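I opened this entry to record what I looked up in the structure. The notes follow the order in which I went through it.

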Amino acid sequence: MTDSSAWRPIVLTLFPEMFPGPLGVSLAGRALGNGLWSLEIRDIRASATDRHRSVDDTPAGGGPGMVLRADILASAIDSACALDAAPRPRLLMSPRGWPLTQARVVELAHGPAPLIVCGRFEGVDQRVIDKRALEEVSIGDYVLSGGEIAAMALLDACVRLLPGVMGKEVSASEESFAGNLLEYPHYTRPQRFEGEGVPAILISGDHAKVAAWRQAKAEELTRQRRPDLWAARNQKAPKDNAKGWQTLSFVL
Ligand code: ADE
């Protein structure tokens, strides 16, 4: 099934050969093959103007590394968006960005597909970030060698929420703002594994007890591993942050 209105993100990268990568297999890959979404990959280097096709230069003020030039990236963004009938979110993957949340993923999956710039080098000239209103997004407090893998992570998280990609079960638990809990532990056969049984309650057939056990385990894990989520869960719904993103409540 191919639908011209399918969700179609644009990725700007210096390494187009990295895509679709993992997005081409499993759930996202099947959905890509079925036309439930599509992917436009653009090479930033195609916007270079000199004969060496250079896209970066030394940082003003000195220091290590190279900086992606504002003029080259602006021109890549402008030509990528030239045919858009409506504006789309413009993201820049960067370790100094706003932390990506499930709430933001849900918004992106439900709205116009984003344009995603994959940063490389020391950084991107601040003027293009400002002039093209790029929303900097981080996928975690660690530094990758570029934004490509971060973009894939973000796209994977969005694609599984697109209509028809997964069953109905995902929407209720992830899109409501009711949880903010890590998931409880899962078990299956065999009943004994290396001397360890499945918790008796899970095979008791008492659905209410199973639900209560899972809730208690989810709370325990969240308290231990994510005191930030636990604190947020126990507060009243906070006001939107500066970006207008709601930060809360999903099942991880
Ligand atoms: N580029 C390099 N590291 C990154 C991170 N943690 N998140 C998003 N983009 C990145």
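I started with Leu92, whose bridge partner in strand 8 is Glu136. In strand 6, Leu92 has Val117 as its bridge partner. The model is predicted, and I read these pairings with that in mind.

I then looked up the strand pairs behind these two bridges. Strand 5 and strand 8 pair in the parallel sense, over five bridges. Strand 5 and strand 6 also run parallel, and four bridges join them.

I took Ser138 by itself. Ser138 lies in strand 8, which covers residues 135-138. Its relative accessible area is 5%, and because the cut-off for buried is under 20%, Ser138 counts as buried. Leaving aside residues up to four places away in sequence, I found that Ser138 touches Ser94, Pro95, Gly97, Trp98, Pro99 and Leu100. A polar atom of the Ser138 side chain lies 3.0 Å from the backbone nitrogen of Gly140.

I moved on to helix 5. Its end C-alpha atoms are 16 Å apart, and at 1.5 Å a residue the twelve residues (148-159) should span 16 Å, which agrees. How many of the twelve residues of helix 5 are buried? Nine are, so the helix is largely enclosed by the rest of the structure. I listed the buried ones as Glu148, Ala150, Ala151, Met152, Leu154, Leu155, Ala157, Cys158 and Val159.

What do the buried residues of helix 5 pack against? I noted strand 1 (10-13), strand 5 (90-99), strand 6 (115-118) and strand 8, and also helix 1 (26-33) and helix 3 (102-110).

Cys158, one of the buried residues of helix 5, has 0% relative accessibility. Cys81 is buried too, with a relative accessible area of 18%. A disulfide is a covalent bond between the sulfur atoms of two cysteines. I searched the whole structure for disulfides and the count was zero.

Strand 4 (residues 67-68) runs parallel to strand 7, and two bridges join them. Val67 stands opposite Gly123 in strand 7.

I have eight helices and ten strands on record for its secondary structure. Of the 252 residues, 40% are buried. Among contacts with a separation of 6 or more, 77% are between residues 24 or more positions apart.

Note on methods: Residues are numbered from 1 along each chain as its sequence is written. This is a predicted model: local features need pLDDT of at least 70, side-chain atom pairs count only at pLDDT 80 or more; totals for chains, interfaces and linings use all residues. Side-chain values use heavy atoms; hydrogens and water are left out. Buried means under 20% relative accessible area, exposed over 50%, partly exposed in between (1.4 Å probe, protein chains only). A polar contact is a pair of N or O atoms within 3.5 Å; within protein, one must be able to donate a hydrogen and the other to accept it, and residues adjacent in sequence count only if both atoms are side-chain atoms. Contact means heavy atoms within 4.5 Å. A disulfide is a pair of cysteine sulfur atoms within 2.5 Å. The expected span of a helix is 1.5 Å times one less than its number of residues. Two strands pair if DSSP finds at least two bridges between them.
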